[in-house]
Amino acid sequence: MRADRVFAYGAAAGLLGDLLLGDPRRGHPVAVFGRAAGAVERVLWRDHRGWGALHTAVCVGGVVSLATAAARAVRPSRAASVALTAAATWAVVGGTSLAREARTVGRALEAGDVDAARERLPHLCGRDPQALDADGIARAVVESVAENTSDAVVGALVWGALGGVPGLLGFRAVNTLDAMVGHKSPRYRRYGWASARLDDLAGWPGARLTAVLAAAAGPDPRGAVRAWRADAAKHPSPNAGPVEASFAGALGVRLGGTLSYAGRVEHRPVLNGEGRAVATRDIERAVRLSRRVGLLALGVSVAGRVLTRFPARIPTRFPARLPARGRTS
């Protein structure tokens, strides 16, 4: 079976598995990687960029190497190749868990139970929930849904199309490592620098595709494109900016502004300033848009993988001798 068909069948099956089953409650491969990366950090940690780069190389390189070996081992079997791709896709894609957590917070807000919403918010993002009122929680959820649509769904599918199982697992390793050490705390400002930069690089294509698909699938395509062009570059993250701006414009809401992480207050630029404030009902709208974007991303990734097998044909044989024109003797 051709590699493009293996990816198409495997990725579709893996995404279906995520839709039906979500993430496993115990023994999730990403959690296993997190524990292994934590063990490596305990050995290597120094307040130095070089040691952090070594940590990144060991963790990500190890995952890619194991994935490459596994893909080669099952290559003679079509069924095993599809099954491995499906399992890898299911392991790295987290769209269903993202939607479940967002809706859980949304239901608490709809019931007027802000305390329950605050308690659940850390399952979705790293903001300080006690500093947020109901509207702030709703905005945090919509922003998290937008950003994680790229990180947890689209980016993985893009790298799966580019690199098969090693691409799928490698991207998730990079993304997970950035979440662990890529932030600017005193401990990780230098040590996590390499992980953060690698995550920016790996996330670039998925973020742009997410922004494009959010504009195409959202209720206001022109608004999405306008907000993306006007506001994306203002965001401190090169990848979250296009995604959140496009979602904001597509949904007609205003994102960004003041927020708090681990006791540190940040004043981020407003995205789609012409939009209205986020309301609780926008959580469900964001989840539905995220689902549409994920399904479209599967189609685009599969199509891209197929099209790479049909490069433009160019002549490979030329006449041994070209006829002379206007030649005199």
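Let's start with Ala11, which has 0% relative accessibility and so counts as buried. Keep in mind that this is a predicted model. Ala11 sits in helix 1, which covers residues 3-21. What does Ala11 touch, leaving aside its neighbours within four places in sequence? The contacts are Val6, Thr85, Thr89 and Leu298. Leu198 is another matter: Ala11 and Leu198 are 187 residues apart in sequence, and their C-alpha atoms are 24 Å apart in space.

Thr96 is next, in helix 5 (residues 95-110). Its relative accessibility is 7%, so Thr96 counts as buried. Once neighbours within four places in sequence are set aside, Thr96 is in contact with Asp18, Leu19, Gly22 and Arg291.

**The nonpolar core**

The largest nonpolar core has 73 residues, and among these Ile137 and Val141 touch the most other members. Which helix gives the most to this core? That would be helix 7, with 21 residues.

With 28% relative accessibility, Ala134 counts as partly exposed. Not counting residues up to four places away in sequence, Ala134 touches Leu109 and Val114. Ala134 and Gly273 are 139 residues apart in sequence, with 20 Å between them in space, C-alpha to C-alpha.

**Aromatic rings and the arginines over them**

A pair of aromatic rings is described by the distance of the centres and the angle of the planes. The structure holds two aromatic pairs, and here they are:

| Pair | Centre to centre | Angle between planes | Type |
|---|---|---|---|
| Trp45 and Tyr191 | 6.2 Å | 40 degrees | tilted |
| Tyr188 and Tyr191 | 6.5 Å | 45 degrees | tilted |

What does the pair of Trp45 and Tyr191 tie together? Trp45 lies in the loop between helix 2 (29-44) and helix 3 (49-74), while Tyr191 lies in the loop between helix 7 (134-181) and helix 8 (193-217), so the pair ties together parts that are 146 residues apart in sequence. Trp45, Tyr188 and Tyr191 form one aromatic cluster.

Trp45 comes out at 26%, which makes it partly exposed.

Trp45 also has a charge over its ring: Arg187 lies over the face of Trp45, at 4.5 Å from the ring centre. Arg46 does the like for Trp51, lying over its face at 4.7 Å from the ring centre.

**Helix 9 and its two sides**

Helix 9 runs over residues 221-231, and its buried residues include Gly223, Ala224, Ala227 and Asp231. Why do these four count as lying on the same side of helix 9? They cover an arc of only 100 degrees around the axis, which puts them on the same side. An α-helix has 3.6 residues a turn, so residues three or four places apart point the same way. Arg222 and Arg229 are exposed on the other side of helix 9.

If you are thinking about disulfides, a search of the whole structure finds zero. As a reminder, a disulfide is a covalent bond between the sulfur atoms of two cysteines. Cys59 has a relative accessible area of 7%, so it is buried. Cys125, at 15% relative accessibility, counts as buried.

One last stop is Asn272, in the loop between strand 2 (264-271) and strand 3 (276-277). Most residues other than glycine have a negative phi. Asn272 counts as buried, with 6% relative accessibility.

Key. Residues numbered from 1 in each chain as written. Predicted model: local features only at pLDDT ≥ 70, side-chain atom pairs only at ≥ 80, totals over all residues. Heavy atoms only, no water. Phe/Tyr/Trp six-rings, centres within 6.5 Å; stacked < 30°, edge-to-face > 60°. Buried < 20%, exposed > 50% of the residue type's maximum accessible area, 1.4 Å probe, protein only. Lys NZ or Arg CZ within 6 Å of the ring centre and 35° of its normal. Arc of directions from axis to C-beta. Core = buried A, V, L, I, M, F, W, Y, C linked by side-chain atoms within 4.5 Å. Disulfide = S-S within 2.5 Å. Contact = heavy atoms within 4.5 Å.
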